[in-house]
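Thanks for coming. I have one model to go through today, so please look at the screen.

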Amino acid sequence: MKFIKKVINILLMLTNNELLKKYSAPVPRYTSYPTSPHFNNDVTSEVYENWIATIPSDEGLSLYFHIPFCDTLCWFCGCHTKITRRYEPVQKYLKYLFREIELVAQKFKESHGDKRQPVKHIHWGGGSPTILEPSDILKLANHIFENFAVMSDAEFAVEIDPRGMTMEAVRALADAGVTRASLGIQDMTEKVQKAINRIQPYDETKAVVELLKSEGITDINFDLIYGLPHQDLDCIRANVDAVKALKPTRLALFGYAHVPWMKTHMKMIPEDALPSSEERMEQQQLATELLCEAGYRAIGLDHFALPDDPLSLAVEENRLTRNFQGYTDDEAETLIGMGVSSIGVSDAGYIQNFPDMRSYVRAIDDNKLPVAKGIATTSNDRMRRTAIQHVMCRYEVKLDDIADQYGEVDTLSQTLGPRLAEFEADGLISRNGKTIKVTEEGKPFVRVVAALFDEYLETGKGKHSQAV
């Protein structure tokens with residue numbers, strides 16, 4: 001039996017290698033549609049104000065706050081952040097972030113009779129939100145609660161850099177009402193940590209996990225990355241062993257996106273130390289196998305959760321969605337992004353704040369929402385976004401149902417006909433009438449299947465990471 005299993009695995013690997021050669025073209029991660037390279041300057045602060053006015057007064061929002069500071073530069077990082085060893089720039093930034101919170105809240109009140117807008121989800125990202133001093137963690141949280149009607153059962157998630165985390169900071173997070181902590185791990189092995197300039201001893205990470213749990217923050221996420229320099233299958237095994245020991249309730253397993261044309265610090269990573277496409281797939285498949293053996297459920301392209309985690313329940317109830325933080329059970333239709341470079345979305349379209357501090361500060365000094373660009377979405381955009389969401393979150397899309405939802409005739413299956421036939425012949429999808437399903441063999445290529453519905457991709461705007 002062991003010999004037969006080995007032969008089957010070899011045949012599957014050969015098949016996957018052939019598919020890799022054909023389908024490893026760069027495509028978006030589809031955390032939005034249309035994707036950010038297609039945002040334009042037609043969307044201004046005035047346009048955004050008009051969009052806010054159309055949001056119903058009883059609609060629960062999701063709020064994202066960006067803290068664009070770190071004290072060290074991780075060479076793998078694709079986030080918008082600034083390295084600082086001084087706290088003064090952080091304090092100055094917070095003053096403007098507080099003012100933006102007030103401006104956004106005021107726009108809602110002007111449209112809704114001075115009523116605070118309800119909020120069902122809060123997320124702090126970065127950069128590193130835990131660069132904030134404990135007193136400022138509390139001040140920021142209190143300012144949010146003062147300006148919005150945060151629901152009693154709202155999820156409040158914060159991204160954490162475990163390095164240098166103190167008991168005082170953990171207690172401040174707990175006192176602020178944080179319910180979920182997301183810890184950046186990336187890789188547990190020293191050789192990889194050195195190659196990405198992120199030294200993070202296991203014992204330090206373990207201590208932070210224990211502190212969080214002792215303060216009542218028991219919903220804990222880990223972020224892991226495969227495809228890093230010098231990473232091999234032994235590293236993957238070590239990472240999963242650490243996960244099992246620390247028992248997070250949820251984790252993300254991202255493929256490293258090497259985009260030195262966008263993030264010049266990635267040039268510090270030697271490209272000859274990066275795993276090949278075939279090695280990346282082996283790493284992803286091994287991690288998936290080991291995590292599932294450890295009791296985690298594979299969710300979508302790159303997430304895992306314990307069976308009783310809300311993310312697992314969202315899968316069972318077809319409520320799983322995908323946004324700029326990845327897969328989520330956050331069902332809010334409107335995401336308000338605040339802070340430098342942050343992105344928001346409503347039914348009307350997407351907005352992105354100024355990515356440079358000077359423009360962000362100038363706009364707020366002028367009492368304007370600091371919108372740099374965005375895109376107004378059409379009915380066709382929203383229909384295709386729904387199709388992409390279903391592919392990415394459910395591995396299935398029912399074209400007739402989506403056409404009915406948007407009051408349109410199903411033209412997607414006609415325009416995609418030749419490509420669908422090709423994908424079906426290669427075993428990536430199966431079709432039953434107007435229902436398209438991603439096969440088990442096709443799941444590693446789900447971004448490529450989703451890209452079938454992307455009407456903007458062929459314009460050539462934007463460069464993306466490889467699909468697998």
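Predicted model: local features only at pLDDT ≥ 70, side-chain atom pairs only at ≥ 80, totals over all residues.

Residues are numbered from 1 along each chain as its sequence is written, and side-chain values use heavy atoms, with hydrogens and water left out.

Aromatic pairs to start with. Rings of Phe, Tyr and Trp, the last by its six-membered ring, pair if their centres lie within 6.5 Å; planes under 30 degrees apart are stacked, over 60 edge-to-face, and the rest tilted. That rule gives seven aromatic pairs. One of them is F145 with F156, tilted, at 6.5 Å between centres and 40° between planes. F145 is in helix α4 (residues 134–147) and F156 in strand β5 (residues 149–160), 11 residues apart. Helices (H or I, at least four residues) and strands (E, at least two) are DSSP runs, numbered from the N terminus. For burial, under 20% relative accessible area is buried, over 50% exposed, and in between partly exposed, with a 1.4 Å probe and protein chains only. F156 is buried because its relative accessibility is 1%; F145, at 34%, is partly exposed.

F324 and Y350 make an edge-to-face pair, 6.3 Å centre to centre with 85° between the planes. F324 is in the loop between β11 (321–323) and β12 (326–328), and Y350 is in strand β15 (residues 349–353), so this pair ties together parts 26 residues apart in sequence. Y350 has 3% relative accessibility and is therefore buried, whereas F324 has 26% and counts as partly exposed. Ring pairs also bring in F39, giving a cluster of F39, F324 and Y350.

Now the helices. α3 (residues 88–111) packs with α4 at an angle of about 10°, the axes being 10 Å apart. Axes are lines fitted to C-alpha atoms, for helices over the stretch in contact, and angles run from 0 to 180 degrees between N-to-C directions. Under 35 degrees is roughly parallel, over 145 roughly antiparallel, 65 to 115 roughly perpendicular, and the rest oblique. α3 and α4 are therefore roughly parallel. With contact taken as heavy atoms within 4.5 Å, the α3 side includes L94, F98 and I101, and the α4 side includes L140, H143 and I144.

Last, V409. This residue lies in the loop between α13 (399–405) and α14 (412–425), and its 65% relative accessibility makes it exposed. Its C-alpha atom is 9.7 Å from that of L399, 10 residues away along the chain.
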